[in-house]
Amino acid sequence: MSAAPAQSPSEPNPLKVHIETLEKAFVGRAPFCSGSIPVAPEDILLFYGKDKNARRLDFTDASEEDLRHLADTCDPASFGVDNEDVMDDSYRKAGKLDIAHFVTTLDPVKCGLVEVIRNQFLEGPQVKASIRVERYKLNVYGREGFFKGHKDTPRSESMFGSLVVVLPTDHVGGALVFRENDQEWTFDSAHAVARQPGETLRLGYAVFYSDVEHAVTPVQAGYRVTLTYNLYFEDPSPVQGSVVLHDATYDKLYSALQAVLNDSTFIPEGGLLGFALRREYPVRVGKADLGTIEQFLKGSDAALLRACKALSLNASFKALVRQHATDPFSVTPTYPVLCNRIPDVKRFPQEDWDDYVCRKFGGKRVAMNVEGIGSWVQPDIKIHWVLSPRQSLTTSKQQYMAFGNEPTLTYVYAHVCLIIDLGPVGARSGTNN
Ligand SMILES: O=C(O)CCC(=O)C(=O)O
Ligand SMILES: [Fe+2]
């Protein structure tokens, strides 16, 4: 009888290789798309004002004087920190008009922007989802106007994205910058709308998931005028539609999961496979069950769930909650706890925090590296993380204190995980793959 060959130190660890395969497959498209689109002159008329004497501005030939009048009519734009409206021109220097103070002839459906959202931004069955485009604000950035990095405040569970339309005015600077993990993308919107005499008028646009950090760099000359819209899924987005649409991320994830699960050396005894979702999701403060998340998944997160369903895997959404000690030196460190819902941890006891969360919310302590944890504390479960959560999730005020474009604490962004409970080889799922 020959002994099983010992693994040499130079040989890659097969579990690690499989985990890396899954991680690579769980990469979707960039979290935004941008460009320019031709527009008819009659579609870029603006009527604005705060009293009976509204003014008409035609963007086909707006003069510097016209734009200055618009800028002077604007209110200084604030931004939201928690539920406070903060005015701080080291963070945002711009003028804004609320929807009561302007109307435009621009129709995002007629001018082709909704088509762009479907064809260039959404993926898989969501291409067919019905989308609501809600007019939100008009912003004017004069010389040295800017907006530092922020996420757009979630306004409901079904809000998935933001649309920024840059009107055709001569200006320099004011690029939109998107950041995610270690990546950064720049959309030079001034260049997108610049035109030589006789050239067609064009609108600049950017569509992005509203939980993506974005910023507007300083305007160096001219006026940059934008219209912003909030984007919602009108109905829960179809996870499995009758029409089969090509979805490259889904195909990659399906094949990778299938290949990995077919390998009988991959977690042969069964266990938990964890994916921190790529995007964050709006949850209502104080009513934070994870029930609505499935309906409004974005990009590669939606593809992942579809692939799990197609393979009949037992997958569920969970929140990984970590203790946030007000004074980390005064409490004993605890393991993070995996919960079925998002507990409101604000008033939890600091000592024996994990016991409390487990008891009250049916949570399970997860074996993870925690500095200073005593060997007498035992975790309840181990998760093989394909993508481990970078941040914890709580509803504590500090955790949610994020810079948004609107002061509100009705909805906040939550980090959520998808956990696959894998059976042993031969009984991986409901259909024994
Ligand atoms: O004006 C822009 O380009 C973006 C504005 C923005 O991010 C916001 O209003 O939240
Ligand atoms: Fe924004």
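1. Let's start with Ala-315: its bridge partner in strand S28 is Ile-420. Strand S22 (residues 315–321) and strand S28 (residues 417–422) run antiparallel and are joined by four bridges. Strands here are DSSP runs of E with at least two residues, and helices are DSSP runs of H or I with at least four, numbered from the N terminus. Two strands pair if DSSP finds at least two bridges between them.

2. A word on what you are looking at: this is a predicted model, in which local features need pLDDT of at least 70, side-chain atom pairs count only at pLDDT 80 or more, and totals for chains, interfaces and linings use all residues. Residues are numbered from 1 along each chain as its sequence is written, while chains are lettered from A and ligands numbered from 1 in the order in which they are written.

3. Now step back to the sheet around S22 and S28. Six strands form this open sheet, in the order S24-S23-S22-S28-S20-S25, with mixed pairing. Strand S24 (364–365) and strand S25 (383–387) each have a single partner strand, so one side of each has no neighbour in the sheet.

4. Helix H6 (residues 299–310) lies across strand S20 (271–276), S22 and S28, at about 15 degrees to S28. Such angles run from 0 to 180 degrees between N-to-C directions of axes, which are lines fitted to C-alpha atoms, for helices over the stretch in contact; residues are in contact if their C-beta atoms, placed from the backbone, lie within 7 Å.

5. Have a look at the other open sheet too: seven strands with antiparallel pairing, ordered S1-S16-S12-S19-S10-S8-S4. Its edge strands, strand S1 (32–38) and strand S4 (75–76), each pair on one side only. In the pairing of S4 with strand S8 (residues 95–98), there are two bridges, and Pro-76 stands opposite Gly-95.

How values were computed: Contact = placed C-beta atoms within 7 Å.
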